[in-house]
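Student: I've just opened this one and I'd like to know how the labels get decided. Can we go through a few?

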Amino acid sequence: MEPIKLNATPTSLQGELFIPGDKSISHRSVMFGAIANGRTTVTNFLMGEDCLSTISCFQKLGVTIEHKDEKVIIEGNGLDGLVEPKDILDVGNSGTTIRLLSGILSGRDFHCTLIGDSSIGKRPMTRVVNPLRTMGARIDGRNNGEFTPLSIRGGQLNSMSYQLPVASAQVKSAVLFAGLQAEGTTTVTEPVATRDHTERMIKRFGGDITVEGKEIHINGGQTLTGTEIHVPGDISSAAFFLVAGCIVPNSEIVLKNVGLNPTRTGIMDVLNMMGATVAVKFDESEVFEPVGDLVVKTSSLSGITIEGDIIPRLIDEIPIIALLATQASGTTVIKDAHELKVKETNRIDTVVNELKKLGADIEATDDGMIIHGGTPLKGALVNSHGDHRIGMMLAIASVICEGELFLENAEAISVSYPSFFEHLNSLM
């Protein structure tokens, strides 16, 4: 597609947005609904391409799923209700789909082949494949299962105790899905706490799971029951407008119904440390996932160092944090973010290279980046490289750039935020 031209330089951003449903929770609501017994109704579901890939895969596995607007109804028949698909399961651009689905399929006594787009074809799969093989699944793929296509023939699984070598909610969740089907108790130990949507979802569907510090224990042979899920707004999507509200003069933006799960709110901690003006009002009635409204205003920001245990809590927000840092006074250093290299793109290199095109003073390091702030940006031809979060970061950059910004592969944004440009324009 042709690049789109973005050349608005608003004097302020004003308005109220209802943030689309959380991508991680939307994926899991379909997965758990599909393996539970009975009907699951999901509202405020994210109708982005990634989540639609999850629906498509489970439909091919024999699950009846209907969806209209932002409502999804899943008629689950339990794990034993899944059937061998007649076709290849295509996960599109969704790393969450392929990794978590691998955990589910590892305990099913039939064969599946999973593929994705060219980006998925480059992403490492052995981090999931190896523990699932240890539990008894037969999995093969390119380079001995390192890359897609993956071929899975599941069956009887053994429980195990597994120490995650990297902090990854996707790997943790895949092992927990397998653990639901294994004999005995499976234990997963995390090096650093990662997003806990899977653990919360198991409880929501009537399952039994125990969390003791960094150890998670799950018993096999459980039966889950369909339920109702209201998906909160995705804080990873809200982050783009939090940053926009901080860096555009005379701005005030209200973001409604945002998920505020503490394993995901690293962006809020960073904004606070940098001096941003953000108010939070929690919805005390919500018990499934913490939810609230956020009000952000134009702020005077200072550079900071971001490292250590906070990184897993904001790994998806680092591209937009990098843009934020270009407008802060002083220097911002991001460390311990090796996982950026195995996202939809190598986000360290991609963020640095694309922001440099706009005039940012930024350099890549082995595990992050260094951003020297207080830098005016100028429009240029930039590229999302098929990465939705890079695309949205560059679109937000356009509102503070001098001159026109041309964004290639802007369609990637629809993976997680189909209404992004409509929402951005509504604030101007």
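Tutor: Let's start with the aromatic cluster formed by Phe 240, Phe 241, Tyr 417, Phe 420 and Phe 421. Keep in mind that this is a predicted model, where local features need pLDDT of at least 70, side-chain atom pairs count only at pLDDT 80 or more, and totals for chains, interfaces and linings use all residues. Residues are numbered from 1 along each chain as its sequence is written, and side-chain values use heavy atoms, leaving out hydrogens and water.

Student: Why is Phe 420 called buried?

Tutor: Buried means under 20% relative accessible area, exposed over 50%, partly exposed in between (1.4 Å probe, protein chains only). Phe 420 has 0%, so it counts as buried. Phe 421 has 24%, so that residue is partly exposed.

Student: And why are Phe 32 and Phe 205 called stacked?

Tutor: Their ring centres are 5.7 Å apart and their planes meet at 25°, so the pair is stacked. Both Phe 32 and Phe 205 are buried.

Student: What makes Arg 108 buried?

Tutor: Its relative accessible area is 12%, so Arg 108 is buried. Its contacts (heavy atoms within 4.5 Å) include Asp 80 and Gln 181.

Methods. Phe/Tyr/Trp six-rings, centres within 6.5 Å; stacked < 30°, edge-to-face > 60°. Lists of a residue's contacts leave out its neighbours within four places in sequence.
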